[in-house]
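Colleague: Could you walk me through this model and how its parts touch one another? I would like to follow along with the structure open.

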Amino acid sequence: MESTTASAAGSPHSIIGRPVARIDGPLKTTGIAQYAADFHLPGTVHAVPVQATVGNGAIRSLDVSAARSMPGVLDVIHHGNIERIYRAVPNDPSATVSETRPPFEDNRIYYWGQYVALIVAETLEQATAAATAVIVEYSAETPSVSGELEPFAGKWQTVSTRGNVDDAFAAAAVKVDQTYVTPVETHNPIELHATVASWAGDTVTFYESTQGVVNHRNAMAQILGVPRENVTVVTKFLGSGFGGKLFPWSHCALAAVASRRLQRPVKLVVTRTMMFSNVGHRPLTEQRFRIGAGAAGKLVALRQDALNHTSMVDNFDEGCGEATPYLYSVPNLTVTSALVQRNVGSPMAMRGPGAVPGLFAMESAMDELAVALKMDPVELRLKNDAAIDESNGQKFSSRHLRECLETGSAKFGWSKRTPGVGSMRRDGKVLGWGMAAASWGAYRFGCSTTVELGADGKARARCATQDVGTGLYTIFAQVLSEKTGLPFERIEVLLGDTTMPEGPLSGGSWSTATVLPAVAGAADNAIASLLQIAATTPGSSLSGADAKTLRLTEGRIHRSSDAPARGVPFESVLASARLNGVSGDSTSGSAFEDPKAKGLSMHSFGAQFVEVEWDPEIARLRVSRVVTVIDAGRIINPRAGANQIKGAVVMGVGMALLEETVYDPRNGQPINGNLADYLVATSPDSPEIDVTFLDYPDYALNSYGARGIGEIGLAGVAPAIASAVYHATGVRVRKLPIRIEDLLQSEIREA
Amino acid sequence: MQSFSYSKAQTLDQATAAGGRFIGGGTTLVDLMKQGVETPKMLVDITGLPLSSVETQPDGGLMIGAMVRNSDLAHHEAVKAQYAVLSQALLSGASPQLRNMATTGGNLLQRTRCPYFRDPSYSNCNKRNPGSGCAAIGGHNRMMAILGTSEDCIATHPSDMAVAMTVLEATIHVEGPKGKRTFEIADFYKLPGTAPNVENALEPGELITHVTLPAPRKGSKQVYLKLRDRASYEFALASAAVVAETSGGHIRYVRVALGGVGTRPWRAHEAEAALMGKPATAAHFRAAAEAALKDAKPQSENGFKVELAKRCIVRALTTATA
Ligand SMILES: Cc1cc2nc3c(=O)[nH]c(=O)nc-3n(C[C@H](O)[C@H](O)[C@H](O)COP(=O)(O)OP(=O)(O)OC[C@H]3O[C@@H](n4cnc5c(N)ncnc54)[C@H](O)[C@@H]3O)c2cc1C
Ligand code: SF4
């Protein structure tokens, strides 16, 4: 049983804020939607990478002769014969890559599974077979994959600081000083990473599984050494990415190189095993939190020192201090961070990077503080609510954390909670109730869109952004419908192709906030042209009218003084004018350049309330109920929005109780690299989830007042579960995932 | 590419004469072929053999054809009514899709989930390459066995169904070059010892045709309890199958078998001995659990299984005697 509530801030008739079904749903459920690997171009050949079986060392010799002579094999590429490819320009934000070292750059092995050769063959089976016939000898050393990041002797970076935290902590009446660990988690979108690269002359087209077609084009142009305009990237649908598909990985360049050599389309699908080593992960984090408070619970000191592991070739900073500086009011605060190198593939942003592991640590520490203070954990948060962003003195554009906490408490029934460990029972089980606050940034970047009103009576939008499965196609359609009055059947949204006007990368929960102004602006411009044409086309009943007095309603052009029914369908005006259509373009800028957003601290907020059921005799723990209250601005589509939040909560159950990529200490192999052994939450693990959107528009971010909802739903889930686990069992788990091993330590032995 | 021939046998004789590798649902075998662990040259599909019925025997027992799918067996009326432990065990295993494919014979012969066994890039696996060593010892071993292990192999037997059949004292019927043979399930599975590559009593070319179960013991209660990290679609960390009969608060009959902890479906004779004739109380259940695990040999990561298995036994006994 799941429920969703949202009160539409717009007019009750507006399609904006209405819970509409996603327009791409039928394409997906009928199998018509084409994902990257579904593109079967004539003459396609198949590429399969060979992976290193050591985690640290160098290739001593590579014998491809047997593989090369196997049936169907067309090419074997490796560091000894790959032609020149380039690195992407460092710190170029328009052309980011995930792993800066291009594939096969040298003979060094930095992590288990690194690609050491690429087989290209007529069929996938032939390529797969030949891949096992490549003989590689290594000089190998024991890789460094330790899950412990301390002791750390390197340099710390200060992320944020105010007051004098160490003195204030020393003097605090009540203190918590603990270290929290979050494990390596692997992005496991069901759609595997896949590239189909196809050269024709000196141009190349990529059918890609990417969260950013424009960035992908720019990066691949730099890597392949060709002009941007020679590269096209197409991503019609994505079976999600969770951050793992933000930027290109090595296999994309390999597919392109192979296609250039053979002048045939090359398809390369990363296997599930490779997903665990070669295309990113949420890095291991180890965070020490020191929180000091007065006896009445007012925070006086907050210090976070966060380590995360990174690879040998990239400095990936998880950014665990993302939410720490502004979530609570505290006069003395310092956040520092540092990186520890490991023989692992390069980490990559995973849903809610930084904030999600950071909030696990901070909200767990807050829960421990509440226990130390003998104070209700909700009350502790309310008491320390921040009126302004104390890290920079800015006002919040819109902050309703207090209301999230209060609404969540009421919906959950928090007032019935008894604080004692193991004090609540139901049907032979112990209940644990826990909660946490949540936050995630609110962003808007630049976007260009074209809207066309066609003689076929349809409205079309085009934008080189992509729908990663969250509902962006539908957001475009909602705005077009709002502007033109056309039903969805007469609206087409074309995304995921770099030949269209440039739109945003799908990351940071900013897509909706970013595209709204551009698509609305383009629609307005297209409509203005249309009305102008109506006013000036001879023979039309509107001819000679002042265009300013004309309106487009329900697809009909009419005088503002008349009912729409008295107007004319816009397509007949276009027909009289002998036009195939009119279009409007619009480009909107980033919030950083917007005077409306200037000097404001913009974030989304939330509260998570969790119930766990604990059967102590058999150490069985299940999350039974979650109440989530989200303050993410105005919700454009509460149905797709609630879907995002519910999915994130289920992911949070996995983060708290199940997910962990385990490396074999001897060779650095992710040893549970498959979906039977790497545990994610299944349907029976999914709790009853109650989602509430507060729906306060944040007009500083855009004219619709929308922020983003893709990540905030995961923030705070794991610490709320950990706090519920403590409440039920008395076991405080500071290292995720919480396992049966931990629960067996509970002194509560019966319910 | 590893090419192989494929044929579908219509009769038992055809199947056993073919000299190929039998394939039932293929949910174990095809996976392992894709991994390069199994490399049969000839596959003989046996799912067309007339061995897919479940029949009540004149003695009140049950005869289960080797081709009966796991889902069909789990939902069979006689199984649900009289062998609840078997139905529960089947439904706790794998996923609905896998259970729809998996056969009774294939389930009995499924291979271990030891990750080092399943990855041929590890040359050191005594089960795959006799004499090569054991990569799991000293590696990631959280899921490994704690009972019946040897210096040469610590792989867990993964089947839930076989644990239920062990507690029900099933008989396995085979046919092949040596004609028809039968095995008590307890004698069918081998401990790894120094030859972990030998997992059972089957000889090359022998086909499992049936499993028979003795008539259900009147007045007994049956329970299968499986403990694991997530709520479904995971192999057991520890499981317990119990058949028990009490009268006057005392235990008159009891059979206990364990899954997820042993190198074969684990019959806990020590637990049974500790319980026979004793009052059905928590203290006796715990004592039985202690007895069952007294020889446990945990590895670096799976020490928790010892206590978990004990709790599992206690709960299953409690439920079966309630
Ligand atoms: C992801 C996953 C999760 C799983 N989870 C569980 C779980 O939780 N619990 C559980 O118990 N199981 C689980 N399983 C295992 C599943 O139950 C087995 O794969 C299945 O029962 C095997 O049956 P099959 O008919 O498909 O066997 P096949 O793959 O066809 O055969 C297996 C082996 O038996 C041989 N064989 C088959 N039939 C006969 C016969 N009649 N005579 C002689 N030899 C024969 C084959 O040659 C082969 O060696 C899981 C499997 C997967 C893939
Ligand atoms: S435990 Fe057994 S199956 Fe696993 S690696 Fe060792 S010998 Fe092989």
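Modeller: Happy to! Contact here means heavy atoms within 4.5 Å. This is a predicted model, in which local features need pLDDT of at least 70 and side-chain atom pairs count only at pLDDT 80 or more, while totals for chains, interfaces and linings use all residues. Residues are numbered from 1 along each chain as its sequence is written, chains are lettered from A and ligands numbered from 1 in the order in which they are written, and side-chain values use heavy atoms, with hydrogens and water left out.

Colleague: How many residues does the contact take from chain A and from chain B?

Modeller: Both chains contribute to this contact. The count is 34 residues from chain A and 31 residues from chain B.

Colleague: What area is buried between chain A and chain B?

Modeller: Buried area is the accessible area (1.4 Å probe) that two parts lose on being put together, summed over both. Carbon and sulfur atoms give 52% of it between these chains. The total is about 2800 Å².

Colleague: Which residue of chain A forms a salt bridge with B:R315?

Modeller: A salt bridge is a side-chain nitrogen of Lys or Arg within 4 Å of a carboxyl oxygen of Asp or Glu. There are five salt bridges between chain A and chain B. In the one made by B:R315, the closest N and O atoms are 2.6 Å apart, and the partner is A:D615.

Colleague: Within chain A, how far apart are the centres of domain 1 and domain 3?

Modeller: The bounds come from an automatic or database domain assignment. In chain A, domain 1 covers 37-141 + 191-239 + 245-275, and domain 3 covers 445-589. Taken over C-alpha atoms, their centres are separated by 40 Å.

Colleague: Which three residues supply 36% of the area that domain 1 of chain A buries against domain 3 of chain A?

Modeller: The area buried between these two domains is about 1300 Å², with 54% from carbon and sulfur atoms. Supplying more than any other three residues on the domain 1 side are A:Q211, A:V214 and A:K236.

Colleague: Is A:P697 buried, partly exposed or exposed, and why?

Modeller: Buried means under 20% relative accessible area, exposed over 50%, and partly exposed in between (1.4 Å probe, protein chains only). Because its relative accessibility is 24%, A:P697 counts as partly exposed.

Colleague: What is the C-alpha to C-alpha distance between A:P697 and A:G633?

Modeller: In sequence, the two are 64 residues apart. In space, C-alpha to C-alpha, they are 4.4 Å apart.
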